[in-house]
Amino acid sequence: MKIIIIGAGPGGYETAAEAASRGIEVILISEGPLGGTCLNEGCIPTKALCSMSSPDLERKAEVIAQLQAGIAQLMRNKLITMVQGRAKLLGGCNVEVDGIQYSADALIIATGSVSASLPIPGAAEALDSTGMLNLDHVPSRLCVIGGGVIGLEFASIYRKFGSEVTVLEFCPNVLPRFDIDLSKRLKAALVRRGIVIETSARVTEIDGNTVRWTKNDKSFETEADCVLMAVGRRPNLGSLNLDEAGIDYTPKGIKVDANMQTNVPGVYAIGDITGGMMLAHVASAQGRRALNHICGEQDGIDFSVVPAAVFTVPEVATVGKTEEECVGIEIKVGKANYRANGKAVASGQSDGWCKVLADKSSGRILGVHIMGAHASDIIHEAAVLVALGVNTKNARDIIHAHPTLSEVLLAAIAAA
Ligand code: NAD
């Protein structure tokens, strides 16, 4: 069997490696560098910046190069052929790159997303996340438009670097799709660290160093040396030739079924291009689902249980249902604070909190929301509990090592 994969981000390259390990021949086509947005201008360089006290572009480049070499090694497989260039769909499982035609038994589109912007005067003056990752200095005043994941991560990083940071968020809460309790606590923690956050703020114009915005029909101005536009990402649909290839899509992404298959049999789409949860680990899992379907195999991946982490200071992480999503379900809620945790206090990381939502009658754990040090690590125990449908009584019986931050989760479970 032979498959074509378009895009070499975490969705594309991980699926290519997995396919080759199953003895499938792969043609991996990519216009951009190996690793896609995640490695080159997303998750990884952002995490490199998180670990610095000022922007060190050389170190950032080293981190990317090291990880890219690892992926290149993974792709050095006799079953994988790499093709550099822009792919154009020709219909069915046929693709053209620079005048050369490639055909296969199945095709997986994994071309990711690009930064979105606002239709306001001066929008082009703002940097997107890629521009921010290439800044070689610390602006004294940074204005961030959008209090979502990207906006708050850069707000935290540049506040730590010493910038005066203002975040302008359109919705009434930052991280609007997260548990409201969590987003309110994060906002308070960021404000305590000196970040100015304006919610329900509508940005109307960027004019040189001035960002104009309105709130409750009043007009305001924020002066900034640098403006970050972080109002979301949109699927990279433009150049694929989807219309001619007969593939159904909307501006939000390519339409797929539960097996990640498009309306054209044998053609699949995974990751940001499908417009769902724009997370690297979701793209990889969707790639595995598509590959399993191509191979006629079943899997147990549960796409309703996706851990997500935001690398603010403090970190937040979440899995399962938010309290708002539990409408109609009788729930019990357990909360615990980091300041009651020995390891957190001893290590000076006592700013944090954990919330567990469980079904009132069965005790089944439905969702966990954490703010605090190592939230992005602790969340995976919660993901196991939610995915396996464990109830609070059984979860409480699992002995946890002391002193560890993971005991905060146990304390919240005990309180539910
Ligand atoms: P996002 O959707 O998380 O946040 C965009 C924010 O901009 C929202 O809060 C939205 O309300 C706000 N907004 C929209 N229009 C606005 C306006 N006119 N004025 C002010 N605010 C406005 O998108 P993002 O932060 O750009 O991130 C893009 C994608 O990348 C997301 O899907 C995100 O999950 C993903 N991502 C994930 C991570 C991570 O998992 N750690 C890190 C970076 C990006």
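This is a predicted model: local features need pLDDT of at least 70, side-chain atom pairs count only at pLDDT 80 or more; totals for chains, interfaces and linings use all residues.
**Entry 1: salt bridges**

I began with a search of the whole structure, which returned 19 salt bridges.

R141 belongs to strand β9 (residues 141-145), while D225 sits in the loop between β14 (218-223) and β15 (226-229), so that the bridge links distant parts of the chain, 84 residues apart.

For D207 and R212 I noted a side-chain salt bridge at 3.3 Å, N to O. D207 has a relative accessible area of 39% and counts as partly exposed, and R212, with 24%, is partly exposed as well.

Which parts of the chain does the pair of K355 and E323 tie together? The two side chains meet in a salt bridge of 2.6 Å, N to O. K355 lies in strand β23 (residues 353-359) and E323 in the loop between β21 (316-320) and β22 (331-337), so the pair joins parts that are 32 residues apart in sequence.

Is K355 buried or exposed? Its relative accessible area is 1%, and because the cut-off for buried is under 20%, I recorded K355 as buried. E323, on the other hand, has a relative accessible area of 31% and is partly exposed.

**Entry 3**

I next looked at an open sheet of three strands, which run in the order β12-β13-β14 with antiparallel pairing. Its edge strands are β12 (202-207) and β14, each of which pairs on one side only. From one strand to the next the twist averages 25 degrees.

Within this sheet I followed β12 and strand β13 (residues 210-215), which pair in the antiparallel sense over five bridges. What stands opposite E205 in β13? I found R212 in that position, and R212 is also the residue whose side chain forms the salt bridge with D207 noted in the opening entry.

**Entry 2: around the ligand**

Last, I listed the residues around the ligand: there are 22, of which I150, E169, R177, G232 and A309 come nearest. Helix α6 (residues 149-161) contributes the largest share of this shell, namely three residues.

I then read off some polar distances. An oxygen atom of the ligand lies 2.5 Å from an N or O atom in the side chain of E169, and an oxygen atom of the ligand is found 3.2 Å from a polar backbone atom of V149. For F170 I noted that a polar backbone atom is 3.2 Å from a nitrogen atom of the ligand.

How much of the ligand does the protein bury? Taken alone, the ligand exposes 840 Å², and 82% of that area is buried by the protein.

Notes: Residues are numbered from 1 along each chain as its sequence is written. Side-chain values use heavy atoms; hydrogens and water are left out. A salt bridge is a side-chain nitrogen of Lys or Arg within 4 Å of a carboxyl oxygen of Asp or Glu. Helices (H or I, at least four residues) and strands (E, at least two) are DSSP runs, numbered from the N terminus. Buried means under 20% relative accessible area, exposed over 50%, partly exposed in between (1.4 Å probe, protein chains only). Two strands pair if DSSP finds at least two bridges between them. Axes are lines fitted to C-alpha atoms, for helices over the stretch in contact, and angles run from 0 to 180 degrees between N-to-C directions. A residue is near a molecule or strand if one of its heavy atoms lies within 4 Å of it. A polar contact is a pair of N or O atoms within 3.5 Å; within protein, one must be able to donate a hydrogen and the other to accept it, and residues adjacent in sequence count only if both atoms are side-chain atoms. Accessible areas come from the Shrake-Rupley method with a 1.4 Å probe; for residues, only the protein chains shown count as cover.
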